[in-house]
Amino acid sequence: MEPHAEDEVIRKRQRERSRVLAILLGLFVVLMFAITIAKMTINR
Amino acid sequence: MTSVPLTHDQSMTADWRDLLALTKPRVMSLVVFTGLCGLLAAPVPVHPVLGFAAVLCIALGAGAAGALNQWYEADLDAKMKRTANRPLPAGRMTRQTALHFGVGLAVFSVILMDLAANHLAAAILAVSILFYVLVYTVWLKRRTAQNIVIGGAAGAFPPLIGWVAATGDISTLPILLFAIIFLWTPPHFWALSLFVRTDYANAGVPMLPVVAGVTSTRRQILLYTLPMIAAAIAPWAMGLTGWLYGAVSIALNLVFLALAFAVLANRATEPKQMKPEKRLFAFSILYLFGLFAALVVDRWVIG
């Protein structure tokens with residue numbers, strides 16, 4: 001593979017990973033919010 | 001936008017699919033299922049969000065253990081056909097990435113379990129990860145043919161964790177669930193290791209068929225099947241479950257026993273002629289799914 005094409009593959013991989021990480025972080029925030037609300041409901 | 005030149009480390013940036021593969025998703029499915037069943041079989045109502053979070057933590061913990069196992073065993077995996085294409089032996093990821101990913105996921109899963117469920121569930125989750133990585137992977141696997149027997153305990157924790165996440169304590173039924181998987185692991189893995197023993201021998205892993213031979217392994221499979229059957233029927237015999245679990249359990253155990261006898265009767269030494277072993281291995285997975293599904297249906301339908 002040419003150096004330029006190889007760079008492009010790596011950059012694409014980095015972009016994909018960043019996107020997946022962003023989605024996971026978003027889901028984590030939602031989950032933490034839901035856990036907090038659930039705990040408050042139980043303790044009420 | 002100016003493009004910054006890539007460094008050597010960046011050229012090894014792992015694909016997210018490889019990070020996912022590091023968690024052994026297929027193994028995780030059985031872990032998640034048994035953990036969920038432990039949670040659903042508990043005699044207390046669980047808030048759906050907290051139940052989901054607990055099962056997620058069990059899955060993440062299992063994934064972390066799988067990642068750390070692959071980090072430590074990259075050299076072994078490279079020698080076996082079955083595992084040579086995993087991200088580390090195939091050179092698609094650095095060992096450091098796998099280590100950081102595994103440790104991070106393990107710590108995250110334990111902290112989240114503590115927040116979502118309770119201290120005891122988080123502590124058992126931590127013990128199960130450490131047991132799989134340190135006791136099974138690092139200590140036993142390369143040293144003794146009993147690796148699967150003792151190491152099997154690691155895979156037996158999920159239903160116990162699920163139960164403890166729901167109730168906050170340990171009682172007889174979750175201990176029996178632990179015992180079922182603990183005693184199921186040797187026949188399940190030895191059936192597999194009989195027809196891939198050349199792989200294990202080439203990699204220098206002292207699995208029972210490599211060390212003691214195929215005949216002895218076939219005998220051991222039957223010997224471990226007997227206490228496994230006792231443990232699987234015990235919840236019904238002790239009055240901890242209803243008739244539905246009892247009926248399904250007896251039926252599944254009779255099939256398991258018949259297949260274990262078929263393995264014992266087989267004299268073949270070539271993997272191609274090991275149909276009884278392959279049948280037992282495939283059925284053993286179905287057996288565990290069926291047994292735990294029956295436990296939950298029994299609890300929710302019969303009551």
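Predicted model: local features only at pLDDT ≥ 70, side-chain atom pairs only at ≥ 80, totals over all residues.
Residues are numbered from 1 along each chain as its sequence is written, and chains are lettered from A and ligands numbered from 1 in the order in which they are written.

**View 1. Chain B as a helical chain.** Chain B has 13 helices and zero strands, where helices (H or I, at least four residues) and strands (E, at least two) are DSSP runs numbered from the N terminus. The C-alpha atoms of chain B fill a box of roughly 70 × 50 × 30 Å along the principal axes. For 303 residues a compact globule would have a radius of gyration near 19 Å, and the 20 Å of chain B agrees with this; the radius is taken over C-alpha atoms, and the globule rule is 2.2 Å times the number of residues to the power 0.38. Of these 303 residues, 50% count as buried, a residue being buried if 20 or more other C-beta atoms, placed from the backbone, lie within 10 Å of its own C-beta atom, exposed if 12 or fewer do, and partly exposed in between. Among contacts in chain B between residues at least 6 apart in sequence, 73% join residues at least 24 apart, with two residues in contact if their C-beta atoms, placed from the backbone, lie within 7 Å.

**View 2. The two domains of chain B.** Chain B is divided into domain 1 (15-170) and domain 2 (178-303), with bounds that come from an automatic or database domain assignment. The centres of the two domains, taken over C-alpha atoms, are separated by 21 Å, and the contact takes 24 residues from domain 1 and 24 residues from domain 2. On the domain 1 side, α2 (25-41), α4 (74-79) and α7 (147-167) of chain B are the elements that give two or more residues, and α7(B) gives the most, with nine residues. The residues of this side of domain 1 divide into 15 nonpolar, four polar and five charged, where Ala, Val, Leu, Ile, Met, Phe, Trp, Tyr, Cys and Pro count as nonpolar, Asp, Glu, Lys and Arg as charged, and the others, Gly among them, as polar.

**View 3. Packing of α2(B) against α7(B).** These helices pack at an angle of about 35° with their axes 7 Å apart, the axes being lines fitted to C-alpha atoms, for helices over the stretch in contact, and angles running from 0 to 180 degrees between N-to-C directions. α2(B) passes α7(B) in a right-handed crossing; a crossing is right-handed if the near helix is turned clockwise from the far one by less than a right angle, and left-handed if anticlockwise. The residues that meet include B:V31, B:L36 and B:L39 in α2(B) and B:P158, B:I161 and B:W163 in α7(B). The residues of this contact divide into 12 nonpolar, four polar and no charged.

View 4. Chain A has one helix and zero strands, its C-alpha trace spans about 65 × 10 × 5 Å along its principal axes, and of its 44 residues 0% count as buried. In the contact between the chains, 12 residues of chain B meet 12 residues of chain A. On the chain B side, α3 (48-72) and α5 (95-116) each supply at least two residues, and α3(B) gives the most, with three residues. The residues of this side of chain B divide into seven nonpolar, four polar and one charged.

**View 5. B:L112 in helix α5 of chain B.** B:L112 counts as buried because it has 22 C-beta neighbours inside 10 Å. Leaving aside neighbours within four places in sequence, B:L112 is in contact with B:A53 and B:C57.

View 6. B:K24 lies in the loop between α1 (16-22) and α2 of chain B, and has a positive phi of about 50° although it is not a glycine. Most residues other than glycine have a negative phi. B:K24 is partly exposed, with 18 other C-beta atoms within 10 Å. B:P87, in the loop between α4 and α5 of chain B, is buried, with 23 other C-beta atoms within 10 Å. Not counting residues up to four places away in sequence, B:P87 touches B:A14, B:D18, B:A21, B:L22, B:R92 and B:M93.
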